[in-house]
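I opened this entry to record what I looked up about the fold and the ligand surroundings. My notes follow the order in which I checked things.

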Amino acid sequence: MAEKYEQMWKNLGMDLERHGQLLNGLGQYYGSAVMSQKNRPKKMDYFDFVVSEVHGLRIKELNDLRAQGKKVIGAFCIYAPEELVYAADSTMVGLCGGADFSVPDAEAVLPRNLCPLIKSFYGFKINRTCPYFQSSDLVVGETTCDGKKKVYELLNELVPTYVLEVPHKPDTKQGKEFWFNELQAFKAKIEEVTGNQITPQKLKQAIELINAKRAALKRLSDLRAASPSPISGLDGLLINQISFMDDVKRFTAKVNELCDELDQRRNDGVGVASKDAPRLMISGSPMAVPNWKVHTIAESVGATVVVEESCVGTRYFTDPVEPKGESLNDLIWAIDEKYSKIPCACFTPNDRRIDSIKQLAKQFNIDGVIYYTLQNCHDYNVEGVKVERALKAQGLPMLKIETDYATGDSEQIKTRIQAFLEIIQGKQ
Ligand code: SF4
Ligand code: SF4
């Protein structure tokens, strides 16, 4: 891939030497973590292809769009309303912050005791190894957690960064109105950057486009409730991660094709892990690509991860946008409603998340929950107290893992998950 795309990467101002190191490392990791899995569905071929071209063909596609005058908007959080971006004939991409590779670059500037996701994305901008960052005409941040909020100020020195202010009590009347006004301001910003007006018709089409993507991801998720699950947790997570990068229409079609195959596997009783493998939910901080650490470890010791209560998981696709009218205001109110329901731990109170975890535990017939917190992510860390209480009341064990992207603690995590599985199996 390197020679074919070298000129494109140069034009994007990338550091080719460091980028080469990144690609080598990623290729090896993908081979050992993902490609080594047994009995994968055939339709995973497409997603493997996307990953193999994630810094090549997909970046070419984005830059071909830019050459036609379209804009690429980068985002970090599922609170960035992608419907408004697509309604302005633009594309949104997720700017991953899931790799340890860029953390030392960030630590040369930022405090070390910061969430690795924040350090990772900031490091990718300053070390110029992320072609998605380099292809973004505008970056959209949000005031969800304090670490991100302050780093966006520094990011704005390197790339135009627009910060959406999210209400921290999104369920209140004033929270909803505040968010509606923020959405209007974001719409105006996107119109200014793209030069395109967002009409009701275009916004409706964009809502349908993204709803179809969310529905396909939900279909995939629901299929994982089967016993045995027809796909590994790692592949399920990977597809959710790819959803933030790939072309939306093509991705949706490919997820549905995969689901057709999984439907058949489910009917035939074909799974990846054995039927009696302990079924785990992973709940907590988001897992941006290429963060496959906990899934890989858990599934290597005999568990099957069947659902991610995560922004790279159920929090993204659970609710569609459901307009109650056709006017621009109706459509923006519908976006307001949908996003207000995302149960991020940054918000208070956040009982909707506890309810969702309890419901998912039932739907997926969960044997135990791994509560996953990125180091220094106070919101998810503290909210874990309430989650643990709720699970205890249902008789479900929870294992709390607080980690970063480095591999130094992998053996220790493995030992802890093995002990957790023994507890679960003792109960079964
Ligand atoms: S956890 Fe909260 S801040 Fe992070 S991506 Fe999800 S909604 Fe956004
Ligand atoms: S994982 Fe936690 S600390 Fe990190 S960016 Fe998300 S909400 Fe903030």
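I started with burial: 50% of the 428 residues of the protein chain count as buried. The model is predicted, and I read every value below with that in mind.

Next I looked up the secondary structure and found 19 helices and eight strands in the protein chain. I then checked the radius of gyration, which is 21 Å, close to the 22 Å that the globule rule gives for 428 residues, so the chain is as compact as a globular protein of that length. For the extents I took the principal axes, along which the C-alpha atoms fill a box of roughly 60 × 55 × 45 Å.

I also went through the contacts. Among those in the protein chain with a separation of 6 or more, 75% are between residues 24 or more positions apart.

Which residues are around ligand 1? I listed C77, I78, Y79, T144, C145, P286, C311, I342, C344 and C346. Sorting this shell by class, I got nine nonpolar residues, one polar and no charged.

I moved on to ligand 2. There are 14 residues around ligand 2, and C115, L117, C145, S285 and C377 come nearest. I then asked which elements give two or more residues to the shell around ligand 2. They are α7 (116–126), α9 (146–155) and α18 (378–393). By class I noted nine nonpolar, three polar and two charged residues in the shell around ligand 2.

How values were computed. Residues are numbered from 1 along each chain as its sequence is written. Chains are lettered from A and ligands numbered from 1 in the order in which they are written. This is a predicted model: local features need pLDDT of at least 70, side-chain atom pairs count only at pLDDT 80 or more; totals for chains, interfaces and linings use all residues. A residue is near a molecule or strand if its C-beta atom, placed from the backbone, lies within 6 Å of it. Ala, Val, Leu, Ile, Met, Phe, Trp, Tyr, Cys and Pro count as nonpolar, Asp, Glu, Lys and Arg as charged, and the others, Gly among them, as polar. Helices (H or I, at least four residues) and strands (E, at least two) are DSSP runs, numbered from the N terminus. The radius of gyration is taken over C-alpha atoms; the globule rule is 2.2 Å times the number of residues to the power 0.38. A residue is buried if 20 or more other C-beta atoms lie within 10 Å of its own, exposed if 12 or fewer, and partly exposed in between; C-beta atoms are placed from the backbone. Two residues are in contact if their C-beta atoms, placed from the backbone, lie within 7 Å.
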